[in-house]
Amino acid sequence: MIAVGPVPVVSLFPELHAKLMESLAGMDHADWTRPTACPGWSVRDLAAHLLDGDIRKLSGSRDGFRPPPPAVDLSDYQNLVAFLNDLNAQWVAVARRMSPRLLTEFLALTGPQVSALFASLDPQAPARIPVAWAGDTVSPNWFDIGREYTERWHHQQQIRDAAGQPPITSRKLLHPVLALFLRALPHTYRHVEAPPGTTITVRISGEARGDWSVLREGGRWSLFDGAPSSSAHAEVHLQQDTAWRLLTNAYKSGEAAALVECKGDAALASVFLRTAAVVA
């Protein structure tokens, strides 16, 4: 096992953006109105949400613009979730006044600018916004950029699912998503007590396959790439398609358990099913 390090994804944004533009260009009117995995949101709504992410990132990180402060304490996680859900819903409601063509033109404009912004940042400098789903109060830029990459990847995948388009499953583009999502594991297990040396390993199969392990040491859980040389105390086995859907809350309660194989200590392994790498 090797302690996890940064996951570099800056160079992947242009390719992922090009695939989004290709996906949207291939849609007809019916495709734009199809429902997605996001309750109440159509393909057009998800495209608008991606545009909102670009606009907010350019305004805040590139231009230093600060909107009026929220009226609630965002250090409280439930307040943060409610605030983001409301913020997202407001934008999507307004964006329903835009045509699919205009949304696509806006995304074609903002996408390259976001890629350039991320390429200009010092990856080790503190990010303006920490990665809340990993339990961070301060995150380095590379992790915030990684979070933005996972957002764009999984929402594009939801768009492709809804429109019946081929998924993006190449190792080049998907493995970093899984590696970043699993940064949430120590936070998921934070309340789980176990003897020092206890290890839980997650094995994801498919083209983007990989093994990741959390180890209990010094009263906390730490994440590692790989698996222990001897058997872990618990193992979780799942397919890559199941993994990204589970980690983005795509399954209803109980659905994921039937798609995941747990070995060893069942109580330890089952905690993994609560992992979420999204906030809202």
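Visitor: Which residues does D52 touch, leaving out those up to four places away in sequence?

Guide: Contact means heavy atoms within 4.5 Å. By that rule, D52 touches N88 and W91. This is a predicted model: local features need pLDDT of at least 70, side-chain atom pairs count only at pLDDT 80 or more, and totals for chains, interfaces and linings use all residues. Residues are numbered from 1 along each chain as its sequence is written, and side-chain values use heavy atoms, with hydrogens and water left out.

Visitor: Is D52 buried or exposed?

Guide: Buried means under 20% relative accessible area, exposed over 50%, partly exposed in between (1.4 Å probe, protein chains only). D52 has a relative accessible area of 6%, so D52 is buried. D52 lies in helix α3, residues 43–62. Helices (H or I, at least four residues) and strands (E, at least two) are DSSP runs, numbered from the N terminus.

Visitor: Where is V9 placed?

Guide: In the loop between β1 (2–3) and α1 (13–25). V9 is buried too, at 2% relative accessible area. V9 touches I145, G146, Y149, P176 and L180, not counting residues up to four places away in sequence. V9 and P176 are 167 residues apart in sequence, yet 7.2 Å apart in space, C-alpha to C-alpha.

Visitor: Which residues touch the most other members of the largest nonpolar core?

Guide: A nonpolar core is a set of buried Ala, Val, Leu, Ile, Met, Phe, Trp, Tyr and Cys residues joined through side-chain atoms within 4.5 Å. Here the largest has 57 residues, and Y149, Y189 and F272 touch the most other members. Helix α7 (residues 171–181) gives the largest share, seven residues. A second, separate core of 21 residues includes L20, M21, A47 and L51.
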